[in-house]
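Here is a guided look at one protein chain, written for someone just starting out. Keep the 3D view open while you read.

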Amino acid sequence: QLFTADNETDPRGARKRLGINVTGGAGSALEAALTGRESGGDASVVNPWGYAGLFQFGAPRLFTIGLYSPGADEDLKGGSGAGKSAEGKWSGEFRIPGHPEVKTLADFLASPSAQRAAFEVHSAAMDNEISERGLDEYIGQTVNGVEITRDGLKAMIHLGGAGGAARALKGESVTDANGTEVLEYAKLGLSSAAPQYADLPYEERVKLFEDSDRVALRILREQ
C-alpha cells in the first residue's frame, strides 16, 4: 500500500486523511483515464471478446483477485480469447466486497459502484505485482519514448497483465486482442496523474507533487 502512515509528518498520511486519492485506486484520476479509454464511461458495455463494464474486466482477472468463481463449463484459460457468446462465458458468480446483491454478469453491468469496488481490489493487486516483479525500478525511466510512472505501470498491467507489462518494459512488442500496444497504455499514467503537467520534464513534476505534499501537511495541521 502506498498509504501507510497517519501521522502529521508523513505527506502520504496527510493526503489520506484529507481524502486526496493518489493511489490509482477507485475514485482516482487513473480510474477516470482507464474508463474513458476502455469503455467511454459505459458501465453496461461488453466487447466482442466478453470483456465487461467500465474497466472491461475479464473473468480470469476477477477470478485471480478473488472476485469471481467460474461456472462449471467456463474455460478461464482459453476463454479470454473466445467471443462473448462462447459456451460458459460469465456463467459463474461474482463476489464483490460490499455488494452481495451482485452475483451475475447482468448484476455486475447494472452496478457501476460494484465495478469501482472491483477496481479498488484490482488496483491493490497491481501494486503488489509491481513490487513482486520489481517493475517499480522503471518509474522515472523512459522506454521507447514513453516515460514510466506508477499509474502507467498499472495501466499496462490492466491491459496486458503483469507478465505482458514486464515484457513490454524490456522492449518487446506486446499487444492485446485489439492490437493495442501495452506500452501505449503507460501514457495514461502521465495524463491521469496530472494531465495539465504531462509535458513537463519528470524532475519538474516531482517538485510540483512535493509542493502539494507540503500543502497537504499544512492544511492538516491547521484543522
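## Charged partners

Asp 127, Arg 150 and Lys 154 are tied together in a network of salt bridges. A salt bridge here is a side-chain nitrogen of Lys or Arg within 4 Å of a carboxyl oxygen of Asp or Glu. Side chains of opposite charge can pair when their charged atoms come close. The structure has six salt bridges.

One of them joins Glu 31 to Arg 116, with the closest N and O atoms 3.0 Å apart. This pair links distant parts of the chain: Glu 31 sits in helix 2 and Arg 116 in helix 5 (residues 112–132), 85 residues apart. Glu 31 is buried, at a relative accessible area of 8%, while Arg 116 is partly exposed at 35%. For these words, buried means under 20% relative accessible area, exposed over 50%, and partly exposed in between, using a 1.4 Å probe and protein chains only.

Glu 172 and Arg 167 meet in a salt bridge of 3.4 Å, N to O; Glu 172 is partly exposed at 43% relative accessible area, and so is Arg 167 at 38%. Lys 187 pairs with Glu 184, their closest N and O atoms being 3.3 Å apart.

## How to read the model

This is a predicted model, in which local features need pLDDT of at least 70 and side-chain atom pairs count only at pLDDT 80 or more, while totals for chains, interfaces and linings use all residues. Residues are numbered from 1 along each chain as its sequence is written, and side-chain values use heavy atoms, with hydrogens and water left out.

Now look at Glu 74, in the loop between strand 1 (68–69) and strand 2 (93–94). Helices (H or I, at least four residues) and strands (E, at least two) are DSSP runs, numbered from the N terminus.

In soluble globular proteins, nonpolar side chains tend to be buried together. Here the largest nonpolar core has 48 residues, and Leu 62, Phe 94, Ile 96 and Leu 135 have the most contacts inside it. Helix 6 gives the most to this core, with nine residues. Such a core is a set of buried Ala, Val, Leu, Ile, Met, Phe, Trp, Tyr and Cys residues joined through side-chain atoms within 4.5 Å.

Leaving aside neighbours within four places in sequence, Leu 135 is in contact (heavy atoms within 4.5 Å) with residues including Ile 130, Leu 153 and Leu 169.
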